[in-house]
Amino acid sequence: MSPVFAPIFAALHEKAFPAEPWDEASFATLLAQPHMHGFLDERGGFLLLRIVLDEAEIITIGVTMPRQGIATALLAQGIATARAAGVQKIHLEVAEDNAAARALYAAQNFIQTGRRKAYYADGAAALTLARDLG
Ligand SMILES: CC(C)(COP(=O)(O)OP(=O)(O)OC[C@H]1O[C@@H](n2cnc3c(N)ncnc32)[C@H](O)[C@@H]1OP(=O)(O)O)[C@@H](O)C(=O)NCCC(=O)NCCS
C-alpha cells in the first residue's frame, strides 16, 4: 500500500491508540519500507504486516468500532496475503494487560512464545505470540 495512505492510518491509529498516536510521517516511512503490507477496512480499521521470506510480523492493528469483526477480517486478509507469499510463521507482540487483543489473538490460534518484562513505556510486559501457517 502506498505511503499516500499514511494520513488515514495515522487518523485510525490515533483513535485506536489514543495514548500513543503515531503521526503521518511515521506511517509514510513504514508504508514505504520494502516488505511492508498495509490493509484498511472502510468500517474503521488498519493492519500493518511485514513479510520477509517465510516469516511475517504484525506491526500494528487497530479498529475504531470494537467487536464488529473488523480486526478478524483484517487478520484474515493479512494471513491470506502471508500464505500466498509462502509464510510459515506469523509473529506479534502484545501488552500483557491488553485483554481485548489477547482474546482476539487467542481466537485466531496464536500461542505464546515468550514474555518481555517491563517492555512498554508504562511498565507493562510484552508477550510474544506466534501462529504456524504451514
Ligand atoms: C484488539 C482489537 C484490535 C480487536 O478488534 P475488534 O475488531 O474489536 O475484534 P473482533 O471484533 O474481530 O473480535 C474478535 C474476537 O476477539 C475477542 N475480543 C475482541 N475484543 C474483545 C474484548 N474487548 N474482550 C474480550 N474479547 C474480545 C472476542 O473473542 C471476539 O469475538 P466475539 O466478538 O465474537 O466474541 C481492538 O480492541 C483495538 O483496536 N484495540 C486497541 C488497539 C490494540 O490494542 N491493538 C492491538 C495491539 S497488539
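Two residues are in contact here if their C-beta atoms, placed from the backbone, lie within 7 Å. The structure is a predicted model, in which local features need pLDDT of at least 70 and side-chain atom pairs count only at pLDDT 80 or more, while totals for chains, interfaces and linings use all residues. Residues are numbered from 1 along each chain as its sequence is written. Helices (H or I, at least four residues) and strands (E, at least two) are DSSP runs, numbered from the N terminus.

**Helix pair H1 and H2**

- In H1, Ala6, Pro7, Phe9 and Ala10 meet Glu24, Phe27, Ala28 and Leu31 of H2.
- The residues of this contact of H1 with H2 divide into 7 nonpolar, no polar and 1 charged, where Ala, Val, Leu, Ile, Met, Phe, Trp, Tyr, Cys and Pro count as nonpolar, Asp, Glu, Lys and Arg as charged, and the others, Gly among them, as polar.
- The axes of helix H1 (residues 6-16) and helix H2 (residues 24-32) come within 8 Å and cross at roughly 125°; axes are lines fitted to C-alpha atoms, for helices over the stretch in contact, and angles run from 0 to 180 degrees between N-to-C directions.
- H1 and H2 are therefore oblique to each other, given that angles under 35 degrees count as roughly parallel, over 145 as roughly antiparallel, 65 to 115 as roughly perpendicular and the rest as oblique.

**The sheet**

- An open sheet is formed by 6 strands in the order E1-E2-E3-E4-E6-E5, with mixed pairing; two strands pair if DSSP finds at least two bridges between them.
- Strand E1 (36-41) and strand E5 (111-116) stand at the edges with a single partner strand each, so one side of each is left without a neighbour in the sheet.
- From one strand to the next, the twist averages 25°.
- H3 packs on the sheet, where it touches E1, E2, E3 and E4, and its direction makes about 20° with that of E2.

**Strand pairings**

- Strand E2 (residues 45-52) and E3 run antiparallel and are joined by 8 bridges, and the bridge partner of glycine 45 is valine 63 in E3.
- The hairpin of E2 and E3 has 2 residues between the strands, and in this hairpin leucine 53 takes a positive phi near 55°.
- E3 pairs with strand E4 (residues 89-95) in the parallel sense over 3 bridges, with isoleucine 90 in E4 as the bridge partner of alanine 56.
- E4 and strand E6 (residues 126-132) pair in the antiparallel sense over 7 bridges, and lysine 89 stands opposite aspartate 132 in E6.
- E5 and E6 run antiparallel, joined by 5 bridges, and glutamine 112 stands opposite leucine 129 in E6.

**Surroundings of the ligand**

- Of the 20 residues around the ligand, those that come nearest are Pro66, Ala71, Thr72, Ala100 and Ala103; a residue is near a molecule or strand if its C-beta atom, placed from the backbone, lies within 6 Å of it.
- Strand E3 (55-63), helix H3 (70-84) and helix H4 (99-107) are the elements that give two or more residues to this shell.
- H4 provides the largest share of the shell around the ligand, 6 residues.
- By class, the shell around the ligand has 14 nonpolar, 5 polar and 1 charged residues.
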